[in-house]
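Let me put the model up and talk you through a few pieces of it.

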4 protein chains.
Amino acid sequence: MIHEECGVFGIFGPEGTDAAAATYYGLFSLQHRGQESCGIAVNNQGDVHVYKDMGLVSDVFSQPVLDSLTGRAAIGHVRYSTTGQSVRENAQPLVTRYSKGTLAIAHNGNLSNTLTLRQQLEDQGAIFQTTIDSEIMAYLIARYRSQTETVEEAVALTMEQLEGAYCLLVLSRGKMIAARDPLGFRPLCIGQLGDAIVFASESCALDTVGATFIRDVEPGEIVVVDKNGMRSLKSHCHGRRHHCIFEYIYFARSDSKLDSVSVYEARLRAGRLLAEQYPVAADIVLGVPDSGLDAAMGYSMASGIPLVRGFVKNNYVGRTFIKPTQSQRENAVRIKLNPVRSSVEGKRVIMVDDSIVRGTTSARIVQLLKKAGATEVHVRISAPPFLWPCYFGTDIPSIDQLTARQHSLDEICQMIGADSLGFLKLDSLHEMMGEKEKHYCDACFSGLYPSLDPAAENGLVYAMEAR
Amino acid sequence: MIHEECGVFGIFGPEGTDAAAATYYGLFSLQHRGQESCGIAVNNQGDVHVYKDMGLVSDVFSQPVLDSLTGRAAIGHVRYSTTGQSVRENAQPLVTRYSKGTLAIAHNGNLSNTLTLRQQLEDQGAIFQTTIDSEIMAYLIARYRSQTETVEEAVALTMEQLEGAYCLLVLSRGKMIAARDPLGFRPLCIGQLGDAIVFASESCALDTVGATFIRDVEPGEIVVVDKNGMRSLKSHCHGRRHHCIFEYIYFARSDSKLDSVSVYEARLRAGRLLAEQYPVAADIVLGVPDSGLDAAMGYSMASGIPLVRGFVKNNYVGRTFIKPTQSQRENAVRIKLNPVRSSVEGKRVIMVDDSIVRGTTSARIVQLLKKAGATEVHVRISAPPFLWPCYFGTDIPSIDQLTARQHSLDEICQMIGADSLGFLKLDSLHEMMGEKEKHYCDACFSGLYPSLDPAAENGLVYAMEAR
Amino acid sequence: MIHEECGVFGIFGPEGTDAAAATYYGLFSLQHRGQESCGIAVNNQGDVHVYKDMGLVSDVFSQPVLDSLTGRAAIGHVRYSTTGQSVRENAQPLVTRYSKGTLAIAHNGNLSNTLTLRQQLEDQGAIFQTTIDSEIMAYLIARYRSQTETVEEAVALTMEQLEGAYCLLVLSRGKMIAARDPLGFRPLCIGQLGDAIVFASESCALDTVGATFIRDVEPGEIVVVDKNGMRSLKSHCHGRRHHCIFEYIYFARSDSKLDSVSVYEARLRAGRLLAEQYPVAADIVLGVPDSGLDAAMGYSMASGIPLVRGFVKNNYVGRTFIKPTQSQRENAVRIKLNPVRSSVEGKRVIMVDDSIVRGTTSARIVQLLKKAGATEVHVRISAPPFLWPCYFGTDIPSIDQLTARQHSLDEICQMIGADSLGFLKLDSLHEMMGEKEKHYCDACFSGLYPSLDPAAENGLVYAMEAR
Amino acid sequence: MIHEECGVFGIFGPEGTDAAAATYYGLFSLQHRGQESCGIAVNNQGDVHVYKDMGLVSDVFSQPVLDSLTGRAAIGHVRYSTTGQSVRENAQPLVTRYSKGTLAIAHNGNLSNTLTLRQQLEDQGAIFQTTIDSEIMAYLIARYRSQTETVEEAVALTMEQLEGAYCLLVLSRGKMIAARDPLGFRPLCIGQLGDAIVFASESCALDTVGATFIRDVEPGEIVVVDKNGMRSLKSHCHGRRHHCIFEYIYFARSDSKLDSVSVYEARLRAGRLLAEQYPVAADIVLGVPDSGLDAAMGYSMASGIPLVRGFVKNNYVGRTFIKPTQSQRENAVRIKLNPVRSSVEGKRVIMVDDSIVRGTTSARIVQLLKKAGATEVHVRISAPPFLWPCYFGTDIPSIDQLTARQHSLDEICQMIGADSLGFLKLDSLHEMMGEKEKHYCDACFSGLYPSLDPAAENGLVYAMEAR
């Protein structure tokens, strides 16, 4: 599984707004972006309170906890950790007190110059209590704040130091500030709920709280909300966009629209493109739940081959689910994903999924279908193969674990036991996005990394091999 | 929502079988049949231990608890309660000690003569600590046991007293006994896992634990498993079958095959029949997750109208999910079910669901689609309207709350704000089941109740109005 | 450690009485009588609700739970289990439904004819879901109830079947019934709180809830409280009393007065008697906390040897306290009980404790004192040695584990490393009780068991060797 | 109640030392110093891991958690919070990463220049995530560390900035450092357990883990332990001592010896002094549990008036104990503390307690005794009256809430309903300590605050009125 690192939600409303409740439901709809920890910070007439813990939104927050988080403005966060640092200390939002007051910070993304910034700060006497980038941002904002009139200016100066992907929400005594990195890797949109302004990683969170979509935050934009309303700082807007393509392929919810592109439609188009690029004689098309389902639908539409339900997925996996032991391991996949025998028995099957990472899970799923009676299994992947590391917040395994790096297409096809295999072609991604030009980052597939470095050719630099 | 009352799972294996672990995964795959409480009883060399509590399987059982449940035979249970009796005392399996030893009992179903039996037993001095039918069964088995050579004979005598629907698993010192009521309302099947015999409410549980399907338990059959193998008592087999049709329409998992009928295929056929019975000019077909999805697929196949994803359902609802307050209630449906705007905007939509109970939820869902831009919403229900009470374990609201009882089809269509409405026709249910003859119970739709009463015409009696 | 099995509390008040809250604090003050499980049953206008679980009163009951237990009458129970049956099923009160309604039952004590009664009931078709005597009592009351006009008459008939020690509280639709066995082994008293009647195992519970002590329930008495007030049935009162002497020595709280004897004063007298019976030249007297402290005070008063604090006991032992591993075992006693070095260093010490069971704990405590610098340790035990089993609810180890049974006084003295050892003399127990005649049961010391058998000489029978 | 702020424990041993287990039991024995939160940090071959949470040691740490804390060196902390900041973020030890590695810090005490230091650090760009002094210390150590060869030198430089009371344990990659403020307000001692060195706030913790007492850390001393053994930095040792007198009167456990004075003996002497200073004709002496018991013993010894048990204290108060409502409030004290009627009935009573803060609790206790039949109640307090604020870590209420500040002795006597009242005389405190000279801080009684300011007369400065 490829994992996203985070989702953020924020709301700034007039007196009487139940900011914590809205943030609760907003985070609940962003839960797919991070299931490890979550938190909500509220501003209660200048005092900032935070509650955060390991676990799902619906497990961490009880009614009494929510009731204790009074205030008209709040930011919230859901997190998935990519490293061993799955500890409570790393949950967000991060609340810090500094010379000018208190700040709560939540962010989604990944800085690519973390180590450098951290070293610089430590050399100046900083101490770190977490391993998250938010703490670096908090330090920088605190330092620049002494030179600036406003928090947003300090955020702007901070952004000059940051490299990489980030969507940032900052809650101060009287303001909420949202900022997006200059290349716009991670999504962030703005909505309106009555007189309140809402920020969310995905538009589905706006729908969930009943807010109306206003617009996306622009790459590089700093949006400030306070009692005087909303305004923008665009000093870091360079007019470029490199949205992470994997948001559309896997991370985001189908009902979200990110930077004007419907996630569901992108997935349908990916399926259609696969049907064009890899046609095959077959009886049925099926998707691997949940993320392969939309592309399978597109494949079926384009090919005319009927779509069937291939699997039933068990969604009752609680946080204390007991994993099967080695001897039961054969059934490990089946416990969560059981094929519908009557769909596939005696059929030539086209199976659509969104990625092959190490290949072992794909191999097991193909085997399940064959055991259930499929005579052929043709695997279609709604993304190109992973070949390069991501420095912008997607948790792709290290290069030497990437199957597609080590093996030819034929080898992979054989490894997973498929009768044929096709990955979405790299040069058709813009079609998937419904765009003529390339406004996305596909570095994990292409090895071409977006950069603001003026020396970068067409704004892209080649991959460094070492991660 | 219409609720099932229970699911059962049992395994009897040779020395060394980890019966509790298999039961854990078996129950996990039956979780859709009951989310209120669950339990596992094991036979550890003659001693019966039980662990049960309120909650999901993955919340109730931890590794240490599972480790403490050693033994080669086990029965398990998941429960949904239909009354206010959602108390720990009512969790199953029920373990009782009586003159001949210890019994653990788990059952799925509902007796229709509970009150009579209870009164008779109380008059003879019985005391009751729960409000579940299992306790009545335990008393009867204990009493008959003094007159019989074996437990299975006591079970057979007990069955003479029981009226209604039940699938029963009994774990004694040296045996496991499975029994199914003479009309076979609730499903129960037999599988093999290595040298162990497995019983489960649905075949998907056999798949999940890696067992091979052998056959269904026959209506009225008593199956006994002990160290000498498996054998049958067929004294209560009358050659009749009245399987609950709602198992196919709603309760069971799509990947299960119950009494030789694939649930998934039945649902596909229901969708196809709806397309034939209620054709309409439309742009797209969509299903209401999760149970309307299969029938929607069938409707699309038969009509040629493309199937799209209409909604994203949020599956992260934990047991402590905080329900929206009145002021947020408008969004209550949306929090769990958000429409995919890009699918439905500007489209004439056919929306397939499995039932309309009170009508309020359907009205909200139709409204969501219209707000998302659907120009027309044609509702198709993959079942006939509910008109009669169920005495066999399905939790249908009381008659006066059934919309279809109070209102004409047109009125309901208007109430839910649909542009047209069609319920699957009662006389096509056998086609849905893929059968020429009627081997099922459709009393909740037809008012004709299966009965063993010799006076019953064609084995059916008319509805009593009062529930 | 010797353990008591239970404590009970009940309250029956006028409309508006918060019976559950009073029971909560009553049980809290009886917590020393049982820390394994606890429960409260309330009568809410005829409906009986119960909440019970493993754990301490303050852990099991939260404010919401207590709030849900509305009603003007309640009974409660704290339990210590003497066998392996430390399971939730065995928590009390036991609530049963029978032909005439619902009963909640809680009892303290131990029947000596459990097996016989159980066998008889099982032969008549009874099934048992617990291993507690209350279930037997519930069956008997239910059966006799069909022959009687009132519940209390059924209780009276039931008492004819019961042998052994019991204090019983029964809560029915309209009444509360308290009953005490004819020999009065276990304590039970009556108090008044406003217009409410209160029952409690010990008078300290009356103090805690602010009730005034009225009187003790007489041995054999059945007290009935309903809307018409309180009345007595004395059919089982034989004018005899055999109060368990160990309630005074160990079980009860020092601030309780049981059957007109102050526990604290009895312990003081035990200490005084020890000083007279076993004088020794020493510098200080100290008691082993908590139960040796009062007798140590008495020893000091009588001997004139100064009383000092010998140990600090750590009371922060929560329910999840991690026991030391084998390698840390040497400190196991010290973790809970650390000597005050400055008290004992260089001193000749008289150490007063309430019992020696296996001798290992005493040996460790003596060793702690010697390591802390005591030059001599003279052990004085405020009870005679245990020689016989108890059939009436005290958890004394089986005979072959009783040190005093296997070894002479000198041997025990040597085993525990003491410089001298004295047990309170058997024939001075009536002095400890402040009585001229013997109104107590001392069978565990004397082997003479109280009996209602007319053949019993002076109402006592000799010990049976086998337990 | 007067509260201490903290207790610390540390152990540094050879390979194979189970440092976390020793720290667990050490903290358990220091639980009386803080019940709000606790934590343990271990050094596992250079990696520092911490686990901390709100709650008692025996609730926070389970066996799996303890097992996960592997390492040969550990520091631990128990905390009581004096402010509203009872939040998880403030639990200790605090773990920070800085330019030279990782540090875990735990401390007991209170800086008197917190605000100044914090302001200075914030002005230099520091951000704070907690409100505890440890975070300030961590920053200072991190900053000085860039100028020094070793961590201990950075600690020494840090100490130049710190004013007030502190005992500090620092765990770095290869060392453990213990430091005590130059006036030695809070206790800290050194022990040996096999080849391991142990630090603890009180000697009772050494006893509990089986360690041998070596010596106290000197005021101002920095003790360093690493693989080469133990050594001292004494640059901050000024040869002065101002140990907090309230450690002896109330905070510390009776079995501890702090800076060569036995806590138990100091309390005995306080009682003896009270008997000399305030003799009265009475029948009995009793102490208010737990902290008045030792002084009551001393009073009895000196006066010859017999000591009795006056109260039974209920120790089963778990963390979720439900407080009585207003209507039950009268019994609030009695629920935890019930008088032994048979002790006090008809008696003239001397009641010894350790302090009167607001007077309300004392009034209730006196009332309990009178209701239980005491004819006279003479209150003796084993400390002088509180008149001044504490800046060194004792949580004394603000001046205007101190009864003794607002009222004369006679008024207080009347307020609490006593027949006479005596506070230990200020000028006899050195006798209580068994010393000729004053080596303690009694500022809360005397208003004379120890200071290192060269201008301070005799090392003492007068009280500032404002807190």
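So, chain A splits into domain 1, 6–241, and domain 2, 263–314 + 329–443; those bounds come from an automatic or database domain assignment. This is a predicted model, so local features need pLDDT of at least 70 and side-chain atom pairs pLDDT 80 or more, while totals for chains, interfaces and linings use all residues. Residues are numbered from 1 along each chain as its sequence is written, with chains lettered from A and ligands numbered from 1 in the order in which they are written.

Back to chain A: the C-alpha centres of domain 1 and domain 2 lie 34 Å apart. Where they touch, domain 1 of chain A gives 9 residues and domain 2 of chain A gives 6, contact being C-beta atoms, placed from the backbone, within 7 Å. On the domain 1 side, strands S6 (101–111) and S7 (164–171) of chain A each give two or more residues. Strands here are DSSP E runs of at least two, helices H or I runs of at least four, both numbered from the N terminus.

Next, chain B against chain A: 51 residues from each. Helix H1 of chain B, residues 19–29, supplies the largest share of the chain B side, 5 residues.

Last stop, chain C. Which residues of helix H6 (151–161) are buried? Val151(C), Glu152(C), Ala154(C), Val155(C), Ala156(C), Thr158(C) and Met159(C), where buried is 20 or more other C-beta atoms, placed from the backbone, within 10 Å of a residue's own. They pack against helix H5 and strands S7, S8, S12 and S13 of chain C.

Notes: Two residues are in contact if their C-beta atoms, placed from the backbone, lie within 7 Å. A residue is buried if 20 or more other C-beta atoms lie within 10 Å of its own, exposed if 12 or fewer, and partly exposed in between; C-beta atoms are placed from the backbone.
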